[in-house]
Amino acid sequence: MNIDAELELKMREGDAPSASEAPEPDSIAPDLGPAHEPAPPVVHELRFGNAWEYSPAPETTKVEIAKSYGHFINGRFSEAGADTLDTVNPATEEVLSKVAIAGKKDVNAAVRAARTASEKWAALPGAERAKYLFRIARRIQERSRELAILETLDGGKPIKESRDIDIPLVAHHFFYHAGWCDKLHYAFPGRGRGQVKPHGVCAQIIPWNFPLMMAAWKIAPALACGNTVVIKPAETTPLTLLRLCEIFEEVGLPKGVVNVVCGAGETGALLSQHPGIDKLAFTGSTDVGKILAKIASERGIPITLELGGKSPNIIFADASIDQAVEGIISGIYFNQGHVCCAGSRLFVEEPAADEVIEKLRIRMQSLRVGNPMDKNTDVGAINSKMQLEKIEHYIKIGQDEGAQLESPTSADLPGKGYFCNPCFFTGVQPGHRIAREEIFGPVLAVQTFRTPSEAIERANATPYGLSAGVWTNKGSKMFDMARKLRAGVVWCNTFNRFDAASPFGGYKESGFGREGGVHGLRAYVKG
Amino acid sequence: MTFSTVDRVMADQRAAAFATRSIKTEAKVAGLRMALSMVDLTTLEGADSPEKVRALCRKAITPDPFDESVPSAAAVCVYPTLVGVAREALRGTSINVASVATGFPSGQYPLEVRLDDVRRAIEAGANEIDMVISRGALLSGDEDRIRHEVASTKDVCVSTGEGAHLKVILETGELSTYDNVRMASEIAIDAGLTEYDFIKTSTGKVAPAATMGVTLVMLETVRDHFLKTGVRIGVKPAGGIRKAKQALHYLVMVKETLGDDWLTPELFRFGASGLSNDLLRQLRWKREGVYSAGWDQTVS
């Protein structure tokens, strides 16, 4: 559209009416006194249109992707072979590459390599291990753009997030744990220097929602404590972890210290059941977590699980509402809602409910859904077709259960690729499936409450317990809530903030063990 | 009376997010031109002279002497004694004459003197008045005094000559907290501002002047007032906005907080002196592929 013409027009119209002529505000109803019914409220709507439309701002840097990828075992990339999986760009449905599926032979080789490397790596002085971790962190920073682009291509998350959140946190985790390498005995009081022992070979299985970040969360503490690693990325998002292996090569990480085997559930099963592993770590669904817990308990090896969630985000009427609404957005629409700790259950104190929902509606109108490679995209592509179908299925369930669906964003979704407009449900009852089950998508269930104790009761009434958010201006209420919420992380007047120094993990069916901080080290040392 | 509260951490986080929007190609040109049309070209120095103001007015009319399609500024903003000069220099244009008044910048004068200041500025030809509030009164809890001074000033603006729009300067740098900014915004608006009146961040005499964070708080107050009443109040960040890129970030914030209706000089302004030249520099770069040198731009 021709903005100049319109501006000119506005300027001319802008020979502004003087104050006395200014139109009467139409909502100031006559004061009828308490005996009369109030006049029905007049609705004033803001217009979020295209008066000034942002031009496309695609990230255009090209990143090389090989036709096929093998595994990374004993410091070497293997050939892909015949047995492969396609890894797809969920925003375009294009096949990016073919990635090998690790069978028994590959898993054996990887575990053997990790075992062989283990003794030397563990015996290395902490300060020496630290050098490798520092170098890895620096190389991640130097190659951050490439990694961010690859993460977005392979996983569908907006480039804005992979650039500003994922990759910086990946580097942060290596930096943070580099610092621990030679100070482990301080993390475990009572044990002297050299008395903090690694497990040996750690098998790690990670999900597709934060592919490289989850890898960093697992690899960095394992290496810092002197373990070696066999790690399996999710089948839909293996590319960035494989790229990280290039960095391991560049910095001269001793071969076999980190090994990557690609594949789907079967590879995960082979790895987790391998007799050569000393520790199991898994992030993913609660269903798989339960199976792995059984395997680990039979083998008698330690396990940490970071599983699903249905986290409550609780807004009191005394909160700063505009910022709380911002917290709803980052709680549930961050990374398309593919976040295990997403604030997917919103609880609003009844007096504030109308205002919160009205402002949420307004805020969602300026969410930009679409091409994840566009720097202005807020909500990108759903990670896979399967996940999109699952989300759509739940949206239908919500409607069938009688909750009211609202999707104020209503962007024109791209014709190709897996996209879902962010949405929320009102009129949700605690018994509804959309209020109980993890959807792992941009779908929010809104409920109300009347008292703090009711909020606690309803927030804790879930098999999960990964995170929670509390929004209030009152400090005492905040601390009281934080103490009573059964969640691994309670965010106060914020949501979805992560830091390598801060432990992360769950209660109940959200898993056990912590990642990050001093607490996260415990999972990677003996005893 | 209770006021809405603001959480600084999340408000700043939101404000910072606007600055990550990538404004390129056509959107950039349109944004730069829109920003130019929203500038209140300002000079507020003890050394201001009639000739200096005339130069500024010329710049307001034709910001880029080499490209007449560039939109004019929204207003020229001067001290009361120079209003007549500006009015004369801008005769025949639609550019507004804004005068700071009410004992600018401190406001530490008797109310009668401050109102007289307003009356004289309007009589001299100002059709926009940029008033200051008594920050000391606000900080000491005397909300009524602020209410009273804004209402009185508004009365003078309505009843003098052909009238003038009112812009209420909160001097956010002295209010210090976002809660105070929110409170001052609510008090000012509720004291009687009508459609196309403004709330404004700063005098430009106190650091920090305008920031994205305080402007966001003010935009949100304006939005809440609109949702309640349907009345559109304008917002004017002033001071500290020198670069085109900053201006575009502000426009992004307006677009995503208040929507299309506020993307007009009637409801959003930049109080600035140096900003225009950087906007022009960016426009020229878009047009000709070269940046203009400092000596290639109009001084004033």
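A: Ser99(B) has its bridge partner in S4(B): Ile129(B). This is a predicted model, in which local features need pLDDT of at least 70, side-chain atom pairs count only at pLDDT 80 or more, and totals for chains, interfaces and linings use all residues. Residues are numbered from 1 along each chain as its sequence is written, while chains are lettered from A and ligands numbered from 1 in the order in which they are written.

Stay with that pair. Strand S3 (residues 96-101) of chain B and strand S4 (residues 128-132) of chain B run parallel, joined by four bridges. Strands are DSSP runs (E, at least two residues), as are helices (H or I, at least four), numbered from the N terminus. Two strands pair if DSSP finds at least two bridges between them. Strands of a sheet pair through backbone hydrogen bonds, either parallel or antiparallel.

Now widen the view to the whole sheet. S3 and S4 sit in an open sheet of eight strands in chain B, ordered S7-S6-S5-S4-S3-S2-S1-S8, with parallel pairing. Strand S7 (234-236) and strand S8 (270-272) of chain B are the edges, each pairing on one side only. On average, neighbouring strands of this sheet are turned by 25 degrees against each other, direction ignored.

Next, a helix pair of chain B. Helix H2 (residues 25-37) and helix H12 (residues 275-288) of chain B have axes that come within 10 Å and cross at roughly 150 degrees. Axes are lines fitted to C-alpha atoms, for helices over the stretch in contact, with angles from 0 to 180 degrees between N-to-C directions. H2(B) and H12(B) are therefore roughly antiparallel (over 145 degrees; under 35 is roughly parallel, 65 to 115 roughly perpendicular, the rest oblique). H2(B) passes H12(B) in a left-handed crossing (the near helix is turned anticlockwise from the far one by less than a right angle).

Look at the residues there. H2(B) brings Lys28(B), Val29(B), Leu32(B), Ala35(B) and Leu36(B); these meet Ser276(B), Leu279(B), Gln282(B), Leu283(B) and Lys286(B) in H12(B). Contact means C-beta atoms, placed from the backbone, within 7 Å. By class, this helix contact has six nonpolar, two polar and two charged residues. Ala, Val, Leu, Ile, Met, Phe, Trp, Tyr, Cys and Pro count as nonpolar, Asp, Glu, Lys and Arg as charged, and the others, Gly among them, as polar.

In the chain contact, 50 residues of chain B touch 44 residues of chain A. On the chain B side, helix H1 (8-18), H2, helix H7 (143-159), helix H10 (212-229) and helix H11 (244-257) each supply at least two residues. H2(B) gives the most, with eight residues. The side of chain B that touches chain A has 19 nonpolar, 15 polar and 16 charged residues.

Finish across the contact, in chain A. An open sheet of three strands there has the order S1-S5-S4, with mixed pairing. Its edge strands are strand S1 (68-69) and strand S4 (84-89) of chain A, each pairing on one side only. Two bridges join S1(A) to strand S5 (residues 94-100) of chain A, in the parallel sense. There, Tyr69(A) has Val99(A) in S5(A) as its bridge partner.

Note on methods
Contact = placed C-beta atoms within 7 Å.
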